[in-house]
Amino acid sequence: MMQLYLRSLRPVQLRLIAAIALHGKLGLAADACAMTMPAASRMLADMEENLGAGLFTRMPRGMVLTPIGEVLARHARKLASDVDRMAEDFIAHSSGIGGTVRVGAVTGAALTAVIPATLRLKDKAPLVEVALDVSSSSRLMWGLERGEYDFALCRPGSGAHGPDFDISHARQESALFMVRRAHPLAENPNPSLRDLADFPWTMQDQGAPIRRALELAFHEDGVPLPRNLIKTASVVAIMALMRDSDIIAVVTEEVADLLLQPPYAADIALIRPARPVLIEAYHILQPRHRIISAAASELLAMVMEELA
């Protein structure tokens, strides 16, 4: 009986569950679903009565999913997203090429593949709206699981190689070092890590892939990791630090290429370590059971062409 009821749930009911899970408040969820609060309250009460279980725990500051509610909300998000994509695709196909593509990428993947592919797609279909989120792999994985992206280029980490994603190897990056041109080692193109260890450094925080790669490289060379550190992942902050000090910045090859080529050509020098510092490869991840628009499929194909 419960299975029959679950199969008969309407899209508006699933959308309400997903909205409450997202906003944590019934009033905000009702607004998001274009419903009155009393109607939303009755709909939720009816579902909980038919299921014989509470889907949310009412807390002083909002509503929190119960364990059984989390199961329903996880699928509700996916189904609501699929309905949204259906509506967007229908409108796009009835009015010409259009729609929205949502993609996430780590910095190197964005520079290497996503941005060139996006420019190609916009030349072909100017009305397509592309939302690009450049962030850390952990943030991108979180967004993928919540249905924020059609696909993402990131490092999945442990536990992500399950039935929820199609995963394709994309590319492995390498780390390079940048300094200002007045730096004492700017004319030494291939120094050892020991030569660099006593200078101040800026690098990402512990746990970041580029930081792990650097820690491993120092360990393998038998050199202690520099202790004079400023932790930041901001390219703007890194450029400001290099402008005013002899700090050594750790960047991916793609970022270095962007900054050292016209029209930017910043007043910095590139240092390639004597032994390459390889970073964990990033992958293309696409939710396996979610429909994506024709525009998203087109952009994904173009991204794969750029990587190839």
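Is Arg 288 buried, partly exposed or exposed? In this predicted model, Arg 288 has a relative accessibility of 38% and therefore counts as partly exposed, since that class covers values between the 20% limit for buried and the 50% limit for exposed.

The side chain of Arg 288 takes part in a salt bridge with Asp 166, in which the closest N and O atoms are 2.7 Å apart. Because Arg 288 lies in the loop between β13 (282-287) and α12, whereas Asp 166 belongs to strand β6, this pair ties together parts that are 122 residues apart in sequence. Asp 166, at 34% relative accessibility, is likewise partly exposed.

Another is formed by Arg 120 and Glu 305, with 2.6 Å between the closest N and O atoms. Here the partners are 185 residues apart, Arg 120 being in helix α6 and Glu 305 in helix α12 (residues 294-307), so that distant parts of the chain are linked. Arg 120 is partly exposed at 32% relative accessibility, and Glu 305 is partly exposed at 47%.

A further salt bridge joins the side chains of Glu 220 and Arg 275, at 3.2 Å from N to O. Since Glu 220 sits in helix α9 (residues 209-220) and Arg 275 in the loop between β11 and β12 (277-278), the pair ties together parts 55 residues apart in sequence. Glu 220 has a relative accessible area of 47% and is partly exposed; Arg 275, with 39%, is partly exposed too. Returning to Arg 120, salt bridges with shared partners connect Arg 120, Glu 305 and Glu 306 in one network.

The side chain of Glu 173 makes a polar contact of 2.4 Å with the side chain of Arg 155. Beyond its neighbours within four places in sequence, Glu 173 is in contact with several residues, including Gly 108, Thr 252, Glu 254, Val 277 and Tyr 282.

How values were computed:
Residues are numbered from 1 along each chain as its sequence is written. This is a predicted model: local features need pLDDT of at least 70, side-chain atom pairs count only at pLDDT 80 or more; totals for chains, interfaces and linings use all residues. Side-chain values use heavy atoms; hydrogens and water are left out. A polar contact is a pair of N or O atoms within 3.5 Å; within protein, one must be able to donate a hydrogen and the other to accept it, and residues adjacent in sequence count only if both atoms are side-chain atoms. Contact means heavy atoms within 4.5 Å. A salt bridge is a side-chain nitrogen of Lys or Arg within 4 Å of a carboxyl oxygen of Asp or Glu. Helices (H or I, at least four residues) and strands (E, at least two) are DSSP runs, numbered from the N terminus. Buried means under 20% relative accessible area, exposed over 50%, partly exposed in between (1.4 Å probe, protein chains only).
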